[in-house]
Amino acid sequence: MAVTSLDRSARTYVAGHRGLVGGAVLRHLQQLGFGDLVTRSSSELDLRDPVAVEAFFAEQRPATVILAAAKVGGILANSTYPADFLSDNLRIQVNVLDAAARHGSTKLLFLGSSCIYPKFAPQPIREDSLLTGPLEPTNDAYAIAKIAGVLHVQALRRQYGLHYISAMPTNLYGPGDNFHPTGSHVLPALIRRFDEAARSGASSVTVWGTGAPRREFLHVDDLARACVHLLEHYDEPEPVNIGVGEDLSIREIAELVAEVVGFQGELEFDTSKPDGTPRKLLDVSKIKSFGWEPRITLRDGLKQTYRWYCEQLETGQLQRT
Ligand code: GDP
């Protein structure tokens, strides 16, 4: 595969820079010396608004676009607000992808999620499992929007010969995550709950579901490196999985978070909450064949994320429940 270095001086737009992924991508591009980075917060530019997005691209004409803007949430948020997850994500993607194509962006990376794959896809999940079976119902609306994005990228390549690509990260975590008690994903939710329990001296902590589902976790700084790596080494229509290639049960994850946070009480499982997909371990042989490897172990990444969380509490950026 040809290696085409990204031009560090070309205008590069990170859509969604206030989010977990976009924030990490922006930090990484700054470290690499990208000199013309463009960002807009959602209050400055509502990506669901086609007129505003068109005007932004007509004025800024970024050469490279990283599309990390999306409405995201954990299992409960996804199953409670499916209409918002479908509608917001479809509109964001259509607006950004079409405007990028119209206004001369030559490279674009669209970020999806491992939940686009069928609920019972063979594990580890290969990229060619896409559209081979029914989706997990707790996040099917979000998944359908992301699948449409993958197809949209492929269609733009076919119709206009554009070098746009898609990547599908596994479950992500790290500084900048959403720590909302019910709307967040499992790791930030557990960090928050265990931290509060450790500080209050509670004897037990509730973990949702049975504890049996298995999940894989990638630190968002590893993802940011993967994004730049793919933009420089990959130019094909098929999406590329980004993960670590190993998973743990939710029970094991909860035990690890308890250890990192210093909580010594009991775990209780609330089986009235959904388990979601039993397993979604990604096959990451494709991205590894292009020379990318994750560097941050889950234990180290969790310690660092917990430190970040505590700093946010101390500086008042986040509040306890
Ligand atoms: P998913 O990977 O799309 O299912 O997203 P989540 O990160 O929200 O959930 C992953 C798994 O962790 C599911 O089996 C949840 O039931 C389980 N889980 C356990 N405790 C929690 C919690 O406090 N919050 C969330 N979001 N999930 C939890």
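This briefing describes the cores, a helix, a pocket and selected backbone features of a predicted model. Residues are numbered from 1 along each chain as its sequence is written. In this predicted model, local features need pLDDT of at least 70 and side-chain atom pairs count only at pLDDT 80 or more, while totals for chains, interfaces and linings use all residues, and side-chain values use heavy atoms, with hydrogens and water left out. Helices (H or I, at least four residues) and strands (E, at least two) are DSSP runs, numbered from the N terminus.

**Nonpolar cores**

- The largest nonpolar core has 70 residues; a nonpolar core is a set of buried Ala, Val, Leu, Ile, Met, Phe, Trp, Tyr and Cys residues joined through side-chain atoms within 4.5 Å.
- Buried means under 20% relative accessible area, exposed over 50%, and partly exposed in between (1.4 Å probe, protein chains only).
- Tyr13, Leu47, Phe57, Leu230 and Ile242 have the most contacts inside the largest core, and helix H7 (residues 220–233) gives the most to this core, with eight residues.
- A second, separate core of 25 residues includes Phe179, Ile191, Phe194 and Tyr306.
- Leaving aside neighbours within four places in sequence, Ile242 is in contact (heavy atoms within 4.5 Å) with residues including Ala167, Met168, Leu218, Leu230, Val284 and Trp292.

- Val96 lies in helix H4 (residues 82–102) and counts as buried because its relative accessibility is 0%.
- Not counting residues up to four places away in sequence, Val96 touches Leu47, Val53, Phe57, Val65 and Leu67.
- Val96 and Asp49 are 47 residues apart in sequence, and their C-alpha atoms are 9.9 Å apart in space.
- Ser113 is placed in the loop between strand S4 (107–111) and helix H5 (140–160); its relative accessibility is 13%, so Ser113 counts as buried.
- With residues up to four places away in sequence not counted, Ser113 touches Tyr142, Met168 and Pro169.

**Helix H10**

- Helix H10 (residues 298–314) has 17 residues and reaches 24 Å from its first C-alpha to its last, close to the 24 Å expected at 1.5 Å a residue; the expected span is 1.5 Å times one less than the number of residues.
- Among the buried residues of H10 are Leu298, Leu302, Tyr306, Tyr309 and Leu313.
- The buried residues of H10 pack against strands S6 (171–173), S9 (217–219) and S11 (248–249), and against helices H6 (186–200) and H8 (250–261).
- Just after H10, Gly316 takes a positive phi of about 80°.

**Second largest pocket**

- About 180 Å³ of space lies in the second largest pocket, where a pocket is an open set of points on a 1 Å grid over the protein atoms alone at which a 1.4 Å probe fits, with protein on both sides within 12 Å along at least five of seven lines.
- Lining residues have an atom within 4 Å of a point; here they are Phe217, Val244, Glu246, Asp247, Leu248, Pro294, Ile296, Thr297 and Leu298.
- The lining divides into six nonpolar, one polar and two charged residues.

**Backbone features in loops**

- Most residues other than glycine have a negative phi, and most peptide bonds are trans.
- Arg61, in the loop between helix H2 (50–60) and strand S3 (64–67), has a positive phi of about 45° and counts as partly exposed because its relative accessibility is 48%.
- Leu131, in the loop between S4 and H5, has a positive phi of about 65° and, at 59% relative accessibility, counts as exposed.
- The peptide bond from Gln123 to Pro124 is cis, with omega near -10°, and Pro124 lies in the loop between S4 and H5.

Note on methods: Grid points are joined across faces, edges and corners, and a volume is the space filled by probe spheres set on the points. Ala, Val, Leu, Ile, Met, Phe, Trp, Tyr, Cys and Pro count as nonpolar, Asp, Glu, Lys and Arg as charged, and the others, Gly among them, as polar.
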